Amino acid sequence: MQTSQYLNQLHTADKLAEEPWPEDATLYQPYEAEQILLPENASCLAVKAYLKMCNLPFSVRSCANAEHMSPGGRMTKLPFIRAGAFIFAEFEPIVNFVEQKDMAIGSWQDEDEKADMRTYVSLVENIFTMAEMYVSFKNERVYKEVTAPRNGVVFPWPLNLMQNYSKRRNALRLLKVYQWHDLEIDDVIEKVAKCCETLEYKLKESPETPFFYGDQPCELDAIAFGHLFSILTTNLPNMALAQTVQQFKHLVEFCRFIDEKYFQRSN
């Protein structure tokens, strides 16, 4: 049985590598203005940044039931991308899909540097996603004023109440799995601050270059931008996360650089 599964995986990998990147690749996400939540927005922005850094064409389709259309995922289930016959959800599986096709950024890195970089990627995804979920679902004011209204906006009453209950229950379960459920807000801020310190230190190792690993981007640049920029630009009743990130000027400048270079926005 294990041999059969392994052969199937090899066959899938070969198919991924053989097929060209489809011109009609579509990234699915919730509606940005009315519906998307902070953790989802961060994940979606990270994937968009990565695909733009790879110079791969894709369109964005916003739909109310994007989360329920997703094939699943470890954290947010979003975004998911349909590329030809293949569908992948969340940052890491989408990155792995692109790497199978030899179109990924970071191919210039050696194995040791890739391993080091992926340690940072895991740190960023785990710390920031958990912090974003904590603030969105554990902080009562944020939940009542922002999370619940946005999450339930596309559903009629009483389905919106059921959807909010289910969404919050799943988020709290995930926080418990990662041992964030019983933390106080000060503990969350401390974890975010330490992660920012680690990122800023890494960024300052190459002071003459704009990216984390020199003058070319890698997946760490995409995922760090997605989370940091979303935190900085999302208006919440509790702005503790944004205020923490704002203390790290090199990271703020990094976000401004990536935003202007790949999204053609200024200020």
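Here is a walk through the sheet, the helices lying across it and a pair of packed helices. Keep in mind that this is a predicted model.

Let's start with the sheet. Strands of a sheet pair through backbone hydrogen bonds, either parallel or antiparallel. Here, 4 strands make an open sheet, and if you go across it the order is β2-β1-β3-β4, with mixed pairing. At the edges you'll find β2 (59-62) and β4 (86-89), each of them pairing on one side only. Going from one strand to the next, the twist averages 25 degrees.

Now zoom in on the pairings that involve β3. Strand β1 (residues 26-29) and strand β3 (residues 80-83) run antiparallel and are joined by 3 bridges. To spot one of them, look for Tyr28, whose bridge partner in β3 is Phe80. Strands β3 and β4 run antiparallel too, with 4 bridges joining them. Here you can pick out Ile81, which has Phe88 as its bridge partner in β4. These two strands form a hairpin with 2 residues between them, and in this hairpin Gly84 takes a positive phi near 65 degrees.

Helix α2 (residues 38-53) lies across β1, β2 and β3, and runs at about 165 degrees to β1. Helix α4 (residues 91-100) lies across β3 and β4, running at about 140 degrees to β4.

Now move along the chain to a pair of helices. Two packed helices are described by the angle between their axes and the distance between the axes. For helix α5 (residues 111-137) and helix α8 (residues 185-204), the axes come within 10 Å and cross at roughly 150 degrees.

Finally, look at a stretch that has a label in a record. An unreviewed UniProt entry lists residues 193-256 as "domain: Metaxin glutathione S-transferase". Over residues 193-256, the chain is 66% helix and 0% strand, and the end C-alpha atoms are 19 Å apart.

Technical notes. Residues are numbered from 1 along each chain as its sequence is written. This is a predicted model: local features need pLDDT of at least 70, side-chain atom pairs count only at pLDDT 80 or more; totals for chains, interfaces and linings use all residues. Side-chain values use heavy atoms; hydrogens and water are left out. Axes are lines fitted to C-alpha atoms, for helices over the stretch in contact, and angles run from 0 to 180 degrees between N-to-C directions. Two strands pair if DSSP finds at least two bridges between them. Contact means heavy atoms within 4.5 Å. UniProt positions are given in the numbering used here, feature names are shortened, and annotations may be inferred rather than shown by experiment.
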